[in-house]
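Some questions and answers on aromatic rings and their surroundings follow.

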2 protein chains.
Amino acid sequence: MMLFRREIAAAAGRIAPWVRHTPALRLAPDELGLPFPLVLKLELVQHAGSFKPRGAFNRILTARAVGELPPAGVIAASGGNHGAAVAYAARALGLRAEIFVPELTPPAKRARIESFGARLVRTGAAYADALQASRARQAETGAMEVHAYDHPAVLAGQGTTAREFELDAPELTHVLVATGGGGLIGGMAAWYAGSVHVVSVEPRACPCLHDALAAGRPVAAPVGGLAADSLGARQVGALMFPFARDFVAEAVLVPDEAIRSAQRLLWDRLRLLAEPGGATALSALLCGAWVPPEGARVGVLLCGSNTDPAEA
Amino acid sequence: MMLFRREIAAAAGRIAPWVRHTPALRLAPDELGLPFPLVLKLELVQHAGSFKPRGAFNRILTARAVGELPPAGVIAASGGNHGAAVAYAARALGLRAEIFVPELTPPAKRARIESFGARLVRTGAAYADALQASRARQAETGAMEVHAYDHPAVLAGQGTTAREFELDAPELTHVLVATGGGGLIGGMAAWYAGSVHVVSVEPRACPCLHDALAAGRPVAAPVGGLAADSLGARQVGALMFPFARDFVAEAVLVPDEAIRSAQRLLWDRLRLLAEPGGATALSALLCGAWVPPEGARVGVLLCGSNTDPAEA
């Protein structure tokens, strides 16, 4: 396990020229109506609007370093944020990119992907369907798949989020993270390795890590609700699961109404526009789905903001 | 002059429990299409959506410390941001507040002021007219005026922005700041006192510091255009002028189209929604109104975000 922490440190060095070190914002007690201080990591100012470029760049740069990038470039399936990140990284590195998104991917994310010059294919109801279609296409073109979460280089890239958060807020005892396919929380849990309590937050309508931890293995879960385009994986990744089992302290669920309230509060109090998945971790504190123990120093990752301002 | 730097340091201690230390975000060359690195101070995540609470709290807390707060509370005239800040501070400190805004104050700012429980009065075409009306009312009620810029405690409060920016980005050689009545840039120039080149940016339609520096004294200037609700003072403050004359390196003007483009770019690249006045300083770099000299390390203050997301 400790080996993986080294992978994350290596990833941080590899991707440093390509991603932003996103700032931490310290809030005093009561600022958001909570009786304890908070540290927010503003990962929503990352390139392409979410944490996803960390994993995408690490995956692609790792392959490039060993001469494994095919002429067809890269291919990915995504609810939208990962696709935008892969498209962004491909453009930055001079590669072709094809991105498969499902029907539920909102217009703002589709536009973002195309704005980076990628070829966009819209197919299937949810992420898992788009993934299947992208794999059929990959077999034809020979492009390199950049998986949205279940690849070691992706997991290590996303884990750099925790490394940065630890550098900027070493006092934290608990960190709340939204979970989709689990690349982000898996990488972060691997970095913290129990030194910080990592709390997973999922919408009730997308409970795949919650269900996996209950079952003792990745299992298929429902996909629906407000944040399905960013947190709607059917099943958590196989690679992340051991990290989650060992190092995710709790996996809580929140209703969609709590996510919407958290989005509104972020705009009202902080003038930050988060997409539903980006406000999910915070919502667990606001609605009381997770209550910190006495003396906890709590951090929250705001992980994405690819939304239409008029709708948020 | 050095005495005033001490006032700013004292203000920073006084207001620390009430305002946010806002984060700095470092951007590599080319991230915004500019061939040099940038440091952005994200003052738009400040309470009430702009830097204005710094001055408002310092003014009110200074008066409270010497028992000078009347039972009628506080009164202020504002294009909107200062009014929101005074209303916010008054609520936090348990005081009554009346805020006078002109017709041009947008609905989002009026709603914000009322959301903090202040009494809102809408009168006059521009800020100077609302100020006149507020002074007539002040003579009746005996409330304490919290001037939007031309008071030493307000100037010192706004100057804490520079102190924080210096702590977080000590390498900067040039800092760009948008100018309205000049409280912010006056306070910041007083803090830096020539150690950093402070560059004033104003819309062509609101050139009051530009005109004052050309005339050698505060003079009346036109008020209009996209950012008039935040930068539309008719004349810079008398107190800030000596600091500007001695320590503002340049005062440049930008067209409204450049401000709109900067707003769009901030959302597109950084998922930050700035109001027109909040994007004005950055716009000078983007449109080439100001070009840094070779080797400059440039900082930009993003100072406000009280806007309707659907319009930005």
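Q: What makes B:R5 a charge over the ring of B:W191?
A: B:R5 lies over the face of B:W191, 3.8 Å from the ring centre. The term requires NZ of Lys or CZ of Arg within 6 Å of the ring centre and within 35 degrees of the ring normal. In chain A, A:R5 lies over the face of A:W191, at 3.8 Å from the ring centre.

Q: What kind of model is this, and how are its parts numbered?
A: The model is predicted; local features need pLDDT of at least 70, side-chain atom pairs count only at pLDDT 80 or more, and totals for chains, interfaces and linings use all residues. Residues are numbered from 1 along each chain as its sequence is written, chains are lettered from A and ligands numbered from 1 in the order in which they are written, and side-chain values use heavy atoms, without hydrogens and water.

Q: How many aromatic pairs does a search of the whole structure find?
A: Ten, over all chains.

Q: Why is the pair of A:W18 and A:F57 called stacked?
A: Rings of Phe, Tyr and Trp (its six-membered ring) pair if their centres lie within 6.5 Å, with planes under 30 degrees apart stacked, over 60 edge-to-face and the rest tilted. The centres of A:W18 and A:F57 are 5.5 Å apart and the planes lie at 15°, so the pair is stacked.

Q: Why is A:F57 called buried?
A: Buried means under 20% relative accessible area, exposed over 50% and partly exposed in between (1.4 Å probe, protein chains only). A:F57 has 0%, so it counts as buried. A:W18, at 26%, is partly exposed.
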